[in-house]
Amino acid sequence: MTHTDRPAAAHELAQVNIARLLAPLDSPQLKDFVDALDPVNAVADASAGFVWRLQSEAGNATDIPVLGDEWLIVNMSTWRDTDALTAFMYQGQHRELLGRRREWFARIKEAVTTLWWVPAGHRPTVPEAEERLLHLRAHGPTPYAFTLRTSFPPGKAAPAAGLPGGVVHEDPGSPV
């Protein structure tokens, strides 16, 4: 069975990752990163298991604000499953860029990447992604927000009690 012959899945894997820039996007220091955005996004878009990615009119998400910090950039996408995301992340030009990330981005001690399951066809929002990332930071991996290292199967998941700031949103995967 090829990936095009698969039955429609009930869920897709959402991922978000953020990075704190070491310099402005238009600086010489970030030129290689910025020049690689379109080619790497094109590879992602054509990857088996890719579903969707967040982008502005510029074609990427570098100008979309996240967590109220102008030095943070966001990348968010949905995939068929963790295998599809992993296959893209650790091969080709994306892998090369991962190896150079310290040239462009500051080290952040808290989690910068989180995953969660969404109903097929749902397009996560930046506030939704921020909530999941903050949940992971506060509670560690749970079915509501997890990592590739500690993942959970698809399905409905509720946030753990005590999310910082009292933020609790209904799971977008819940039937209404």
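Start by selecting S77, which sits in strand β3, a strand covering residues 72–79. Keep in mind that this is a predicted model.

With S77 highlighted, check its surroundings. S77 has a relative accessibility of 5%, so this serine counts as buried, the cut-off being under 20%. Show the side chains next: those of S77 and W79 are joined by a polar contact of 2.7 Å. Beyond its sequence neighbours up to four places away, S77 touches L13, A14, Q15, F50, W52 and R53.

Now step along to T78, also in strand β3. T78 is buried too, with a relative accessible area of 0%. Leaving aside residues up to four places away in sequence, the contacts of T78 include E12, L13 and A14, then G49, F50, V51 and W52.

Which residues of α5 are buried? Select V126, E128, A129, E130, E131, R132, L133, H135 and L136 to see them. Then bring strands β1 (11–21), β3 and β5 (113–119) into view, as they are among the elements covering those buried residues. That brings you back to β3, the strand that holds S77 and T78.

Finish at G140, which follows α5 and has a positive phi, near 75 degrees.

Methods
Residues numbered from 1 in each chain as written. Predicted model: local features only at pLDDT ≥ 70, side-chain atom pairs only at ≥ 80, totals over all residues. Heavy atoms only, no water. Helix = DSSP H or I, 4+ residues; strand = E, 2+ residues; numbered from the N terminus. Buried < 20%, exposed > 50% of the residue type's maximum accessible area, 1.4 Å probe, protein only. Polar contact = N/O pair within 3.5 Å; in protein donor to acceptor, adjacent residues only side chain to side chain. Contact = heavy atoms within 4.5 Å.
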